[in-house]
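Dear colleague,

I am handing over the structure below, together with an account of what I found in it. Please read the text with the coordinates open beside you.

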Amino acid sequence: MRVEIRDYASRSREIIKEEPGVREAVTGATIAFDEKRRQGYSEIDADAWRRWAEGVKNHTLTHLDHYLTEAEARLEANGAQVHWASDATEAREIVTRLAKQHSVRSVVKGKSMATEEIDLNLALEDAGIEVFETDLGEYILQLLEEPPSHILGPAIHKSLQQVQRLFADRLGSAPDGDPDTLAEAARLVLRDAFIRADMGITGGNFLVAETGTVALIENEGNIRLTTSLPRVHVAVVGIEKLLPRMTDLAGFLQLTARAATGQPIGCFVSLVQGPAVHPDDDGPEEVHVVLVDNGRTDVLAHEHAWEALRCVRCGACLNACPVYRQTGGHAYGWVYSGPIGSVLDPGLLGLHEAMPLPFASSLCGACTDACPVRIPIPELLLHWREEAQEEGLTPWKERAALAGLASVATRPGLYRLAGRIGSRLGATGVARALPMLGEWARDRALPKPSRQTFRQLWREGIE
Amino acid sequence: MRGDSSRERILARVAKATASRQRLPHPGALVTPPADDPVGGFVKRFTSSGGEVAEADPERSPSEWLTGFLGGLDPAVAGVAIGADVPADLRPRLPAVAAAHAGAGISVAWGAVAESGSLVLPSTGTRTAQLLPPVHIVWVPEGRVFARLEDALAELQDGLPAGVGLHSGPSKSADIGRTVVTGVHGPGRCIALVGPGSTASTGVT
Ligand code: SF4
């Protein structure tokens, strides 16, 4: 996906002004997701689960070379083939080469942020290969030639009426078809694609080192079909997706589902160890796992940002974010949007490329409270902001405004005053980066100012 | 080869990135409260996710009962796709057809999980029968219902097949207008037949 982050502010304004339906649809969907997440967390000791998950991921990331080689050895022992891609170009080359080697004419895909990240569809289409996105939301967007706007619900910004018009036009369904009729129209096209496909391509939610298991969570069954029907399955997996043990996976499958949709687990989970070897197994003849770096080792090396690699892509932080709710993901200009995009994109792409995303936040902290692996997103945003200022990446007006904000924020009296009049000021660095701030800040209070600086709190360990 | 050098490069970069970082310990097992009624727990979770549960009539043979059950579905099932590992006494007396044309797929679960409301289905049980028909019917021996997913995966690990599916309800999507529709790609109905028995291979006896 092309990186167009620079235009974040203008694109946000445009979406709010010219596509008011987006805000309505995204706000409605994210509030509903967030409520389900709260319900899902309330059924377990969520704090204990989240601390445990944070611990497992921290352990894995600090032993990543060990677990990567263990996963590779297990996968190979299972009969799968492992490929390593330093960057998006190499990942595209590997998958396209595999497709050519197997004379692939048609591909079915499961929803995968990693393949969006490396722009895989375009490369396959350029090679003359037909590609079908099979997740219903992704399929809608493929017909519209739009990128996904949410990790979990890629088409949440689309209304029923928009899908009715699209399917009437492209699939010949009734212009007033209900969701069941519309889904059936898509199912017919995609069922045929599944039967014809030579290759299935997915991402991977987790990769278990101990067993060489690629684990995939979903609700539609399209990923089960993608990993089962075509003769070749390719999983494109970021190197941060490792988990040490199968028993760790049990916790992560459930916690991720609860964070994402409040469900105890996705309706379907695929555990892929390798190609079909048993005579009664009608699965793929070949399984390939492409391990992708594409900036992840830079993030891992970063003193603070490495914590963002714990992300399990559940989308809970997007759902909780008052800023994301105003525009949906397209404003952010790259595949990872919302709070996680704002901390991950600077690490994956370089801070320069990802400006002004670290400023696209009110630092309210709702994202961290929702996050199943407790990524301290506001703290990471502040680190990126600091780096941006040090590197002179913020325009002088923003820098001045931010310096003002920082000094106000360390003086409680002034900060409280600013808080009271904040929504009328509207000219701070944050407000400049957040053109929608005025809209939602109207009835919101700024966070209570601290008597200590952020740095002091950070050093002492904020809880 | 470029691929090989990428492997070395990535591993070297990972090693360098983590070299000066404190190696954090694994926190150990996640402790969750024990469940005293795994079968009841499974039924509750599975049905709350849209799965259905039925019980075979103990007075009739499983095969005979299932044949009648399939005939009573709406629409009545005329042809079935049967998983390769389903024992003869659990197969309905209906014509076996290709999974893509079958009215129902018949499987036997390796096990089930109360905590997540999941059926554990190995790939040796014919994936197409588990996925393509509009209705999926799964025999679940009561003695194979695990309280926790971790326990099921730990045991499964010993003879892990190439693929495993955890099915925890029917195929669902809310991608159109946020309305939940079922049967988008996988089966729109998933029916667990929970009955006596304690081995996956012989199923319900
Ligand atoms: S940062 Fe946390 S909440 Fe956001 S997508 Fe990642 S895991 Fe989910």
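This is a predicted model: local features need pLDDT of at least 70, side-chain atom pairs count only at pLDDT 80 or more; totals for chains, interfaces and linings use all residues.

Residues are numbered from 1 along each chain as its sequence is written, and chains are lettered from A and ligands numbered from 1 in the order in which they are written.

Chain A

Of the 463 residues in chain A, 58% are buried, a residue being called buried if 20 or more other C-beta atoms, placed from the backbone, lie within 10 Å of its own. Two residues are in contact if their C-beta atoms, placed from the backbone, lie within 7 Å; among the contacts in chain A with a separation of 6 or more, 76% join residues 24 or more positions apart.

Chain A has an open sheet of 6 strands with parallel pairing, in the order S1-S10-S7-S4-S2-S3, where two strands pair if DSSP finds at least two bridges between them. Strands S1 (81-85) and S3 (130-133) of chain A are the edges, each pairing on one side only, and neighbouring strands of this sheet are turned by 20° against each other on average, direction ignored. (Axes are lines fitted to C-alpha atoms, for helices over the stretch in contact, and angles run from 0 to 180 degrees between N-to-C directions.) Within the sheet, strand S4 (residues 199-202) and strand S7 (residues 232-238) of chain A run parallel and are joined by 4 bridges, with A:Thr202 opposite A:Ala235 in S7(A).

Helix H10 (residues 179-196) of chain A has 18 residues and reaches 26 Å from its first C-alpha to its last, close to the 26 Å expected, that is, 1.5 Å times one less than its number of residues. Its buried residues include A:Leu182, A:Ala186, A:Leu190 and A:Ala193. An α-helix has 3.6 residues a turn, so residues three or four places apart point the same way.

Chain B

In chain B, 5 strands form an open sheet with parallel pairing in the order S1-S11-S6-S3-S2, and its edges are strand S1 (52-54) and strand S2 (80-82) of chain B. Strands S6 (residues 135-141) and S11 (residues 189-195) of chain B pair in the parallel sense over 7 bridges, and B:His136 stands opposite B:Cys190 in S11(B). Helix H2 (residues 38-48) of chain B lies across S1 and S11 of chain B, at about 135° to S1(B).

Where the chains meet

The contact takes 75 residues from chain A and 64 residues from chain B. On the chain B side, H1(B) gives the most, with 13 residues. Strand S9 (residues 268-272) of chain A also pairs with S8(B) in the antiparallel sense over 5 bridges, and the bridge partner of A:Ser270 is B:Gly165.

The ligand

Around the ligand there are 15 residues, of which A:Cys311, A:Cys314, A:Cys317, A:Ile340 and A:Cys371 come nearest; a residue is near if its C-beta atom, placed from the backbone, lies within 6 Å.

With kind regards

How values were computed: Helices (H or I, at least four residues) and strands (E, at least two) are DSSP runs, numbered from the N terminus. A residue is buried if 20 or more other C-beta atoms lie within 10 Å of its own, exposed if 12 or fewer, and partly exposed in between; C-beta atoms are placed from the backbone.
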